[in-house]
Amino acid sequence: MNLKVIAAGVLALVAAGASAQNINGAGATFPYPIYSKWFSEYSQLHPNVKINYQSIGSGGGIRQVTEGTVDFGASDVTMTDDQIRSAKVKVMAIPTVLGAVVPVYNVPGLNKDLNFSGDVIADIYLGRITKWNDSRIAKDNPGANLPDKAILPVYRSDGSGTSFIFTDFLSKASPAWNSGPGKGASIKWPTGIGQKGNEGIAGMVRQAPYSFGYVELIYAVQNKMSFGSVRNASGKFIRASTGGVTAAAAAAAKAMPADYRISITNAAGADSYPISSFTWLLIPTHSTDPAKGKALADFLGWMLDHGEAEAAAMTYAPLPNQVQDMVRKSIANVK
């Protein structure tokens, strides 16, 4: 009898091991904090599913998932038509949350938080504005004790969705930027020093006095960094918040295309934060392992039912209801 019980236990363990799923993903650093939380919570509820995620940047996420070296990718930049056509593995982009990119700075002794216009930010990276007490920065910040110190611009050295969002905004706010470096996940930066990941920029700006950079909002909050308000399309300086991101997404939600490829930077509306964006998971339409495809589809359903409610506490904005309804239908196509 005892031998039968032991044998049954061994068979149960073997069966459990056979059904266990190790799902590997890679990509954007922008949503990494909330993805880490979601993947951990989901695995606690489903012990047979372990979701591993490497925060390597959107460019790496697109490359790895379309080459089939990971089970899913993540990106803050939508795939181009050429990337979609040339992909070895066909994927669908599923929006997950929205977030904000903020200008961060390290200026010792400042007496107030700073405001930045898009054309001013562009000219800092174009090398046209080189000092903190430049008249154009001073104009947006009356009463600020701006020092006569050189600005050290910091940018992303890796293929980055955060950079795409940031440069997409700069291209809309500055004709000089639009006709020069332009928008992209990887561009040729005219001046400054490169760092890898949101983590890299945050670390560099924190340690280098008089530096200036850009990171996803939660990295600024978690690292207790100074970040500026940004002038939006209505001419109002807006400090990044989930409310400002939600306002930016409001109009887009009504006009969301079926493939979810949309930009909401410099969105209309007095309350819209101008450097806002959706972020996407890149899910193979037909997984080589049907069990993994089923697990990913189940996770996406859990994300809508439970994960979205956690977004605001982590400085992300949840998907608008109309977009959640669209995503729920898209999940049915994950195999």
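Which strands and helices do the buried residues of H13 pack against? Here are my notes, with that one picked up in point 4.

1. First, the ground rules. This is a predicted model, where local features need pLDDT of at least 70, side-chain atom pairs count only at pLDDT 80 or more, and totals for chains, interfaces and linings use all residues. Numbering starts from 1 along each chain as its sequence is written, and side-chain values use heavy atoms, with hydrogens and water left out.

2. Overall build. You'll find 13 helices and 13 strands in the protein; these are DSSP runs numbered from the N terminus, helices being H or I with at least four residues and strands E with at least two. The radius of gyration, taken over C-alpha atoms, is compared with a globule rule of 2.2 Å times the number of residues to the power 0.38. For 335 residues a compact globule would come out near 20 Å, and the protein's 22 Å agrees with that.

3. The cores. A nonpolar core here is a set of buried Ala, Val, Leu, Ile, Met, Phe, Trp, Tyr and Cys residues joined through side-chain atoms within 4.5 Å. The largest one has 95 residues, and Trp-132, Phe-278 and Phe-299 have the most contacts inside it. Strand E4 gives the most to this core, with nine residues. There is also a second, separate core of nine residues, including Val-77, Val-91, Phe-164 and Leu-282.

4. Back to H13 (residues 321–331). Its buried residues are Val-323, Gln-324, Val-327, Ser-330 and Ile-331. They sit on the same side of H13 because they cover an arc of only 115° around the axis, going by the directions from the helix axis to the C-beta atoms. Asn-321 and Lys-329, on the other side, are exposed. As for the opening question, the buried residues pack against strand E4 (91–106), helix H11 (242–254), strand E12 (276–284) and helix H12 (290–305). Val-323 also turns up among the contacts of Phe-278, where contact means heavy atoms within 4.5 Å.

5. One serine worth a look. Ser-211 belongs to strand E8 (residues 211–216) and is buried, with a relative accessible area of 0%. A polar atom of its side chain lies 3.2 Å from the backbone oxygen of Val-205. Not counting residues up to four places away in sequence, Ser-211 touches several others, among them Trp-132, Leu-152 and Val-154.

Note on methods: Buried < 20%, exposed > 50% of the residue type's maximum accessible area, 1.4 Å probe, protein only. Polar contact = N/O pair within 3.5 Å; in protein donor to acceptor, adjacent residues only side chain to side chain.
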